[in-house]
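Let's take a walk through this structure together, one stop at a time. Have a look at it first, and then we'll get going.

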Amino acid sequence: RLQPTHPIALAPVQAPEPTVDGFVTQFLRNLNNGRGVALSTSTANDRYFALAATVRDYLMARWLEDVRRQRTIQSKGVAYLSAEYLLGRQLDNNLLATGLTDIADEALVACGLDLDDVRAMEVEPGLGNGGLGRLAACFIDSLATLGVPSVGYGIRYEYGIFRQTFVDGQQVEQADSWLALGSPWEFPHPEAARTVSFGGHTETYDDGGVTRTRWVPAWNVLAVPYNYMVPGYHNGRVNTLRLWSAQATQGFDLRVFNAGDYQEAVRAQTYAENISKVLYPEDSTPQGKELRLQQQYFFVAASISDFVNLILPADFDLANLPDRVIFQLNDTHPVIGVPELMRVLVDEKGLEWDAAWQITQQCFAYTCHTLLPEALEVWPADLLGRLLPRHLEIIYRINDEFLEAVRERFGDDSERIRRMSIVSPDGAIRMAYLATVAGSKVNGVAELHSQLLREKVLPDFDEFYPGKFTNVTNGVTPRRFVKLANPGLSRLITDTIGAGWLTDLDRLRELEEYADDAEFRSAFRAVKSANKRVLARTLAERDGLTVADDHLLDVMVKRLHEYKRQTLKLLHIITEYDAIVSGRVTPDQVTPRTFVFGAKAAPGYAMAKRIIHLINAVGSVVNDDPRVEGRLKVLFPPNYNVTLAERIVPAADLSEQISLAGKEASGTGNMKFALNGALTIGTDDGANVEIRELVGDDNFFLFGMAEPEVADLQARGYHPIDFVRADENLSRALELISSGAFSGGDASVFEPVVSNLTHHDPFMALADYTDYIAAQKRVDALYADQDAWTRAAILNVARCGFFSSDRSMRDYIDRIWHTPPIL
Ligand code: CRA
């Protein structure tokens, strides 16, 4: 092989000069050579692509070096397996990581361009539904910032989470064609494609005197990796996110095409490509669809093959696999990876079953993200057997051996065996149980959630596997959700306590003493006001909405779900409205509030969609009523996403975290708001509990039943109508809806919502209503004292450093992964 001799070829890859001149030169080069246009004829999209390419160029040398280093050091790394990554826009984040934001700004001005105009061209990759997907994005940011070798594996959906519009107040979904203009951040590597098989049957064969099993699949697809840079913050590190795209193995059939059957010629291609076509828009509830299982197996099989066959050196001894990798299962979606690794080790690499099982158990760990029993994935055995016959056999054997061990320990307790079996009585595969049996650790995502997971969802497993269960409370990246989203607050913090807090968020504690400093408080308030004006501008441009700048901004943004109780929030709004229009209070007795909602409903979730309709209906009545003018306003901008969150969160005064206790596993929006100086009104649920403990009861509006009380009421028998009778405000609010006051007199439109609440109310909104209204009165009282409010808001910021995803990652490393950073 020829050796390089040129000095440039011998030197490490060079980044362009980190100066305005260097940036301008590189930007124009990318515009000319990369886009094939001159500055004078370029479109906004050309300029966005050239800018992104320029940022990439600055990161490239570090990325190539990190990839090289991770391969040569061969230390243990994390392979994070997640069906979702809700990344948000990349440009600002990547600019921030390089520390070149100001230089880029100046460079563009020097080219006669405005960074904001170019920014606006970016379409966010919405490759996730909500909290779980956004969490994965925060985690890979923190792993890069901590310098931990890791790869995020997932799916490159051609269409991400749907774009939401409202037509007559009702949700209408549109395809999210985020790739329509291409993406400047991805690097396709078709030469590194993996083949993923499906269907067929299994057979035994004689392998030199040993009987072995093999899978004879019926069809294959190609998994083509697309790499994305995941830069650490100011540490010169760049990790990789690798998303798989499905392609047909042999493209279209030219023979059939020539014979004139065009559709048939591309059928295989279309079928294969459907696998990565679209994200399932379900949040917290699984979709038992064959295509979904195909998606799951597709990305997990490709990822395991990538790691085992391409990343590891060819002579690697697989007995040592646990020293090189931990596959983290982000909920049950990638759990099919467990039988897949067994299949690879036993069938492909020739290991003995027991040895393979030893290895597999050390190589996986499982994070559960829910408590809703209906949200735990279960696959019918016949579906699994049809699609992945070998995997079904492997699961049965794992289950047989597991149940044998249970019998050994507890005797032939058939009730217990039935409860613990990975295969349910009706023959379905319980993926959470499989993950628990196979995982070296199982964790919940907040203290309360982990406790309930052990005590209520998987108690038998907790008893059987002492020490397997642990907690890692979720976190959020302060780079995106404080520094980028809230530059004003970031500047104030740095001016007050100095730099360095963005990677050491506990340092926010140093702000505590300034809560009593009048000058700091007024600076803090000024930041909040400025953020409200930024939001007002955004909503005006984006949706034609107006935001008053003297209102308390009361925000509830999250997926639309009955357990999250958007209806409880609505009942509060209706109660306030009713109090004014019925003359029981005068408008000036009401704190002026703007209520902001953001929420997408799963397209098949009829009740959630009806609640969206109701929010819009209440909004238009309230907003059009001159009697409440200047006092109450309801805003529901459509298509809530990461980009909009970055505007809403820093502007909020009040954060609504009002799920029924015991239902929200953690929540992560709650953390973002508190870190940006909003006060929380919330139940004792998920991470709210930890937020309240940290910020203190005086700086948090707690209301509602705690989880044991919920369980108690459930056991005694819950009759929502009792609560309607007991609270006149509540019965009036419900009556207003039933009377058709928000549906032009047509009582039938929202009848299903009211009747569901008064007869079933599965998430006990009515039981918590009275206490919720009382807590809102405490909100009003504190808000009336701006100094006291601001003090509480500052203490929220100062005491929430714990919720950095850097801390979450350290906890995973210490308790589960044991993957030290490489320096
Ligand atoms: N829907 C939980 O409901 C949690 C996130 C991230 C969720 C949230 O309370 O903050 O996960 N669960 O841990 C989930 O997706 C499949 O379960 C969520 O995002």
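**Where the ligand sits**

Start with the ligand: you'll find it in the largest cavity. Keep in mind that what you're looking at is a predicted model.

Look over the rest of the structure and you can count eight cavities of 30 Å³ or more.

Now zoom in on the ligand itself. Around it are 15 residues, with Leu132, Ser284, His369, Glu664 and Gly667 the closest. Sort that shell by class and you get five nonpolar, seven polar and three charged residues.

Which atoms of the protein pair up with the ligand? Gly131 has a backbone N or O atom 3.3 Å from a ligand oxygen. Asp283 uses its side chain instead: an N or O atom there is 3.3 Å from a nitrogen atom of the ligand. Then there's Tyr563, with a polar side-chain atom 3.2 Å from an oxygen atom of the ligand.

Time to step back and take in the whole protein. It is divided into domain 1 (1–73 + 90–123), domain 2 (74–85 + 128–165 + 185–190 + 222–248 + 275–473) and domain 3 (505–803). Notice that domain 2 is written as several separate stretches of sequence. Between the centres of domain 1 and domain 3, taken over C-alpha atoms, there are 42 Å.

Which domains supply the shell around the ligand? Domain 2 and domain 3 each give at least three residues to it.

Notes: Residues are numbered from 1 along each chain as its sequence is written. This is a predicted model: local features need pLDDT of at least 70, side-chain atom pairs count only at pLDDT 80 or more; totals for chains, interfaces and linings use all residues. Side-chain values use heavy atoms; hydrogens and water are left out. A residue is near a molecule or strand if one of its heavy atoms lies within 4 Å of it. A polar contact is a pair of N or O atoms within 3.5 Å; within protein, one must be able to donate a hydrogen and the other to accept it, and residues adjacent in sequence count only if both atoms are side-chain atoms. On a 1 Å grid over the protein atoms alone, a cavity is a set of points where a 1.4 Å probe fits but cannot get out, and a pocket is an open set with protein on both sides within 12 Å along at least five of seven lines; lining residues have an atom within 4 Å of a point. A molecule sits in a cavity or pocket if more than half of its atoms lie within 2 Å of its grid points. Ala, Val, Leu, Ile, Met, Phe, Trp, Tyr, Cys and Pro count as nonpolar, Asp, Glu, Lys and Arg as charged, and the others, Gly among them, as polar. Domain bounds come from an automatic or database domain assignment. Grid points are joined across faces, edges and corners, and a volume is the space filled by probe spheres set on the points.
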